[in-house]
Amino acid sequence: MDSLELPSLNAHKISHFNLPKEQSTRLLSKVHHFNSSMQPPSLKLSPTYRAQRSRRSVIQMQAGDEDFELKQMRDMAAAKKRWDALIREGKVKILTPREAGYAIQLSNKPLLDVRPSVERKKAWVKASTWIPIFEADDNFDAGTVTRKVTNFVMGGWWSGMPTLSYDKQFLSKVEEKFPKDADLIVACQRGLRSLAACDLLNNAGYRNLFWVQGGLEAAEEEDFIVEGPQPLKFAGIGGVSEFLGWTDQQRAAAAKEGWGYRLLFSARLVGIFLVADALFIGAQQVVTT
């Protein structure tokens, strides 16, 4: 089939033909004239043409985003099958948060915390080892900026979770801290990223892995010795939802602490409405003047 491929008519191909220099130059100029004549002059500066080209670019970007999301869905489905197999085959053992707490406090089993820094800095288990599998992406190249905008629009503004990227040094950092035969308890905030970490660690040769089901968020106060400014259950919340107190964790706390806790977030909501109203009135005055 390669023998049937036709060479493209561009300057790079023509310059390699065995033609005298003068004939090659004349042929290149003819090809350039032919390519130029194929573009209608009226379209080059036409606003309608530019608008159509802009719309095509937008459609292509949307198609690219859809392809990216579709790829993510396929990757997640494939990963879930692998993770289910790990647990079903006994390569990764399941622990509840309470069982993990007993193993840490009574048997000195190490706890590997794979959460990103945005969660770790709020609360952590005492004496745990922190090696994040995903961390906030601080790059600002075109691809990363697109991902950040998508993440923000798709709910990042509400949850406060930044765009995360896989840390390529994750395995090497774990290997520096723990031998392959170590009994290793792996935990994250809700249990998903830690299961992904168990998958990587199993492939790297770790055979005594324990996964905290439900993550640290499922733990009760008495399950672990916790350090940090907030409870473990609050480490995974943020954004507008945290500010307004509209997360499940905050609602549960409000049910225990009573009206004082609820009034705080009700006052914040009223404050947002007052600020928005003031901005709207100010904008109207600017327009009228």
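Which residues are buried in α9? In α9, the buried residues are R193, S194, L195, A196, A197, C198, D199, L201 and N202, where buried means under 20% relative accessible area with a 1.4 Å probe and protein chains only. The model is predicted, so local features need pLDDT of at least 70 and side-chain atom pairs pLDDT 80 or more, while totals for chains, interfaces and linings use all residues. Residues are numbered from 1 along each chain as its sequence is written, and side-chain values use heavy atoms, without hydrogens and water.

**Helix α9**
- Nine of the 12 residues of α9 are buried, so the rest of the structure largely encloses this helix.
- Helices here are DSSP runs of H or I with at least four residues, and strands are runs of E with at least two, numbered from the N terminus.
- Just after α9, G205 has a positive phi of about 110°.

**The sheet**
- Five strands form an open sheet in the order β1-β8-β7-β2-β4, with parallel pairing; two strands pair if DSSP finds at least two bridges between them.
- β1 (92-95) and β4 (129-130) are the edge strands, each pairing on one side only.
- Strand β2 (residues 111-113) runs parallel to β4 and is joined to β4 by two bridges.
- Opposite D113 you will find W130 in β4.

**A pocket to look at**
- Helix α11 (residues 248-257) gives the largest share of the lining of the second largest pocket, five residues; lining residues have an atom within 4 Å of a point on a 1 Å grid, and a pocket is an open set of points where a 1.4 Å probe fits, with protein on both sides within 12 Å along at least five of seven lines.

Note on methods
Buried < 20%, exposed > 50% of the residue type's maximum accessible area, 1.4 Å probe, protein only.
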